[in-house]
Amino acid sequence: MSEGSVIAPAGVAVESWRDNGTRRLPGSSLGAAVIGSPMSRTVPEHYRSGARCVRLVRPVRLCADAPEQSVQSLILLRGLTGLGAAVSWTAECDDGCVANRRLSHLFPPMAVHGAGPAALAEWRERYLPCMCVWRQGPGFVEVRDRRPGTLEIFTIDDPDSLAALAAAQDGVAADSLPEPVRADLREAGLLAEHGELAWWLPIRIRRWPNPSMIL
């Protein structure tokens, strides 16, 4: 992977339906598809096509050695979660990373292979919409994060950090990011790294709820 390059457009295989509750009714299925990069564009397009329930065909590895395919799938999950779609997917974790709650803001999986049943139960019990979100302001980004169990608010206005955030939206070579910025975002739990790739964890919110403090 060349320096600064984003994830190659291999795509994520999915099956989709117009509604989660009517999946077995005629006309509900949208069939199989492959959603490719950049996910920040293709996921909203898939949602606008009518997809409200999406099944990921392949299991998704959560651990630090996760392959590029799983990173694509996690970015897809981030986008679908932000749009309010229901997602049917299976996770794989054999190093205990699921317990750190870093991905707990994503729509919960159906199963977590390699982890005990308590890990899945906690994910499902703790999950709420808007657990970790960001919004764009004039010259800054605000992140609100409830994954730790309490509200943490980050305001990012440093140009290098903002550039790294933008680059990591669809996945980027981790070593292409400035090391101090990369370390700060990773330490704050806002940047995930799998193999050679880094990607932005918080979900973008485009419509602020009322009252705003519910987040």
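The structure is a predicted model in which local features need pLDDT of at least 70 and side-chain atom pairs count only at pLDDT 80 or more, whereas totals for chains, interfaces and linings use all residues. Residues are numbered from 1 along each chain as its sequence is written, and side-chain values use heavy atoms, with hydrogens and water left out. Helices (H or I, at least four residues) and strands (E, at least two) are DSSP runs, numbered from the N terminus. A residue is termed buried under 20% relative accessible area, exposed over 50%, and partly exposed in between (1.4 Å probe, protein chains only).

Side chains of opposite charge can pair when their charged atoms come close. With a salt bridge taken as a side-chain nitrogen of Lys or Arg within 4 Å of a carboxyl oxygen of Asp or Glu, a search of the whole structure finds 12 salt bridges. R61 takes part in a salt bridge with D65, at 2.7 Å from N to O, and in another with D94, at 2.9 Å from N to O. Because R61 lies in strand 4 (residues 60-61) and D94 in the loop between strand 6 and strand 7 (111-113), the latter pair ties together parts that are 33 residues apart in sequence. R61 is buried, with a relative accessible area of 16%, whereas D94, with a relative accessible area of 54%, is exposed.

A further salt bridge is formed by E179 and R182, whose closest N and O atoms are 3.5 Å apart. Both residues lie in helix 5 (residues 179-187), where E179 and R182 are three residues apart, about one turn of the helix. E179 is partly exposed, with a relative accessible area of 43%, while R182 is buried, with a relative accessible area of 16%. Through salt bridges that share partners, E179, R182, R186 and E193 are joined into one network.

Aromatic pairs were identified among the rings of Phe, Tyr and Trp (its six-membered ring) whose centres lie within 6.5 Å, planes under 30 degrees apart counting as stacked, over 60 as edge-to-face and the rest as tilted. The structure holds two such pairs. One of them joins W89 and W123 in an edge-to-face arrangement, with 5.8 Å from centre to centre and 75° between the planes. Since W89 lies in the loop between strand 5 (86-88) and strand 6 (90-92) and W123 in helix 3 (residues 117-126), this pair ties together parts that are 34 residues apart in sequence. Both W89 and W123 are buried.

The backbone is considered next. Most residues other than glycine have a negative phi, and most peptide bonds are trans. In this model, however, a cis peptide bond with omega of about 0° joins S37 and P38, and P38 is found in the loop between strand 2 (29-35) and helix 1 (39-48). R101, although not a glycine, has a positive phi of about 65°; R101 is placed in the loop between strand 6 and strand 7 and, at 28% relative accessibility, counts as partly exposed. C130, likewise a residue other than glycine, has a positive phi near 65°. The place of C130 is in the loop between helix 3 and strand 8 (132-137), and C130 is partly exposed, with a relative accessible area of 31%.

Two further pairs were described by their C-alpha distances. P108, in the loop between strand 6 and strand 7, is buried, with a relative accessible area of 11%; P108 and T81 are 27 residues apart in sequence and 9.5 Å apart in space, C-alpha to C-alpha. T90, in strand 6, is partly exposed, with a relative accessible area of 23%, and T90 and R55 are 35 residues apart in sequence and 9.3 Å apart in space, C-alpha to C-alpha.
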